[in-house]
Amino acid sequence: MTLLAVERIKLFTTRSPWWCSAITLVLTMGFAALVIGNSPSESGGVTVAGTQMGHTFGIAVIMVLAALSVTTEYRFSTIRTTFQAVPGRGSALVAKATVVALLALVIGEISAFGSLAVGMLIKPGAGIALNSAADWINVTGVGVVYALAAVMAVAVGVLVRHSAGAIALLLIYALAVENLIRLIPSIGAHIYQWLPFNVAEKFLTGDGGSGAGPDMRSTATLGQGWALAYFAAFALVLLAAAIGLAKRRDA
Amino acid sequence: MIEANGLTKRYGRTLAVDDLSFSVESGQVTGFLGPNGAGKSTTMRMILGLDNPTSGQVRIGGKSYRELKYPLRTIGALLDAKWVHPNRSARAHLKWMAVSNRIPVTRVDEVLDIVGLTSVAGKRAGGFSLGMSQRLGIAAALLGDPEVLLFDEPVNGLDPEGILWIRKFMHRLADEGRTVFVSSHLLSEMALTASNLVVIGRGRLISQSSTKDFVTRAADNTVKVRSPQIDRLRAVLADAGAELTAEDGGILVAGMDSDKIGELAAANGVVLHELSPRTGSLEQAFMQITGDAVEYHTGLAAEPAVLEPIR
């Protein structure tokens with residue numbers, strides 16, 4: 001608990017988390033307004049899944065926030081002060097990942113329900129509502145995906161140690177690399193089925209129960225529950241690897 | 001209190017610290033001396049468990065740093081004053097450190113008061129001058145009211161007022177009975193603050209002794225003599241076995257103390273205008289002892305050190 005308090009103080013006494021949080025909310029809700037506002041009611045776009053389409057960008061900003069929480073510590077060598085105060089590096093980094101993940105969870109839930117509300121306000125008559133378990137998962141799941149993506153970003157931040165490098169790696173991977181791998185002839189589509197962010201989409205939209213059209217749905221073959229477990233495992237393995245390296249490395 | 005045993009650190013092919021063993025006694029100021037690049041900072045980082053030694057170990061009060069439960073309460077350190085997030089306030093920086101070691105948060109304002117930063121406690125640390133950053137670093141070191149304090153080049157880059165402040169502060173800490181281990185490449189500074197010296201060059205231990213012994217052992221102690229009957233005196237001193245060198249307006253006598261020179265002069269009826277013993281400066285002692293242990297030679301022969309008596 002002590003270490004969580006420490007990381008909370010550190011996170012909220014700098015500016016970037018506030019900025020990133022605000023940007024995430026504006027981006028996701030703004031995107032929901034665009035998507036819902038521009039879709040004619042009779043087309044398939046005005047659905048719960050439609051309101052949540054901006055989460056891809058939200059994830060990107062959250063990963064920037066999470067990566068910066070570590071890389072700025074390396075940039076300004078406060079990581080040394082941290083390890084001096086808490087020589088158990090594993091617990092210090094787990095605490096950091098936990099605090100950042102909790103923040104990401106909260107922002108994710110606010111942005112998801114905010115986006116839903118934006119959709120309902122713009123098209124009150126379109127019947128956007130949380131009617132099924134699939135709808136609920138699609139909305140509440142966003143925060144969970146944010147939290148796990150934040151853990152991955154913390155891990156990458158520890159591994160790479162440089163802000164620019166870590167952010168470039170994370171954004172290029174999440175926004176481009178997975179889709180490019182998909183384009184590799186014959187095997188690309190099979191590999192893509194198991195790539196983490198694609199699998200995370202599967203957890204959110206499942207088989208389209210929340211109104212995601214066929215082209216919005218993930219190609220991953222896992223069920224929704226397993227998809228979440230797979231994504232979580234990916235994040236935790238990455239974090240474990242990062243901690244293992246941080247313990248052996250000179251601070 | 002701090003005990004290093006066969007401490008070795010290798011970075012790739014460079015041996016930064018080479019089989020270094022020394023000990024720092026409780027309740028004293030021990031200087032850690034060496035030219036730039038001698039491995040002082042690396043050694044300090046290893047003491048704090050930040051860098052892992054390639055071999056050997058260092059213990060604080062018998063424990064390795066990572067075994068300390070709340071390390072800031074045992075050993076406070078200022079290795080680099082710029083290890084602060086520039087957008088975090090001084091108070092917030094100290095607050096998270098205090099919380100991490102379960103130090104009461106009221107202590108934050110106490111240490112800010114001790115170093116005189118109370119009025120800027122809420123300001124971004126990134127806007128601090130070097131002197132203020134240094135004070136913040138010292139406040140952080142004192143946070144856990146530790147018995148042992150570690151400072152790496154604390155006066156580097158400070159203005160005279162800042163240097164004086166740090167120097168007084170070291171004495172105050174020593175008077176409080178704390179163990180202080182402070183590194184520097186400024187020897188004259190060490191002569192004023194440290195009672196013991198650990199001297200290293202190229203990562204190796206050169207000597208560990210009291211500051212006084214270090215100087216007497218290393219420096220040539222000479223006596224300057226001026227006299228209107230200089231030729232007569234030369235003959236007398238040379239007969240008595242002293243080594244003489246001419247120096248502007250007089251001679252420099254080595255191998256004989258001032259008492260003896262005065263007695264010889266009186267016995268031979270020689271008038272003396274000056275008879276002044278000189279102690280070699282720490283710089284001289286240092287150059288003499290570290291000799292070729294300087295990592296990066298400039299190619300220029302070192303200028304002869306200016307003789308300056310130790311205050």
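Among contacts in chain A between residues at least 6 apart in sequence, what percentage join residues at least 24 apart? The figure is 79%. This is a predicted model. Chain A is built from eleven helices and zero strands. Chain A also touches chain B, with 21 residues of chain A and 27 residues of chain B taking part.

**Fold of chain A**
- Chain A has zero strands, and its helices number eleven.
- Read from the N terminus, the order of elements is α-α-α-α-α-α-α-α-α-α-α.
- Contacts between residues at least 24 apart make up 79% of those in chain A that join residues at least 6 apart in sequence.

**Dimensions and burial**
- Chain A has a radius of gyration of 19 Å. A compact globule of 251 residues would have one near 18 Å, so the value for chain A agrees with that rule.
- Along the principal axes, the C-alpha atoms of chain A fill a box of roughly 60 × 45 × 30 Å.
- Buried residues account for 51% of the 251 in chain A.

**Contact with chain B**
- The contact draws on 21 residues from chain A and 27 residues from chain B.
- On the chain A side, helix H1 (2–12) and helix H5 (78–85) are the elements that give two or more residues.
- H5(A) gives the most to this side, with six residues.
- By class, the side of chain A that touches chain B holds nine nonpolar, eight polar and four charged residues.

Notes: Residues are numbered from 1 along each chain as its sequence is written. Chains are lettered from A and ligands numbered from 1 in the order in which they are written. This is a predicted model: local features need pLDDT of at least 70, side-chain atom pairs count only at pLDDT 80 or more; totals for chains, interfaces and linings use all residues. Helices (H or I, at least four residues) and strands (E, at least two) are DSSP runs, numbered from the N terminus. The radius of gyration is taken over C-alpha atoms; the globule rule is 2.2 Å times the number of residues to the power 0.38. A residue is buried if 20 or more other C-beta atoms lie within 10 Å of its own, exposed if 12 or fewer, and partly exposed in between; C-beta atoms are placed from the backbone. Two residues are in contact if their C-beta atoms, placed from the backbone, lie within 7 Å. Ala, Val, Leu, Ile, Met, Phe, Trp, Tyr, Cys and Pro count as nonpolar, Asp, Glu, Lys and Arg as charged, and the others, Gly among them, as polar.
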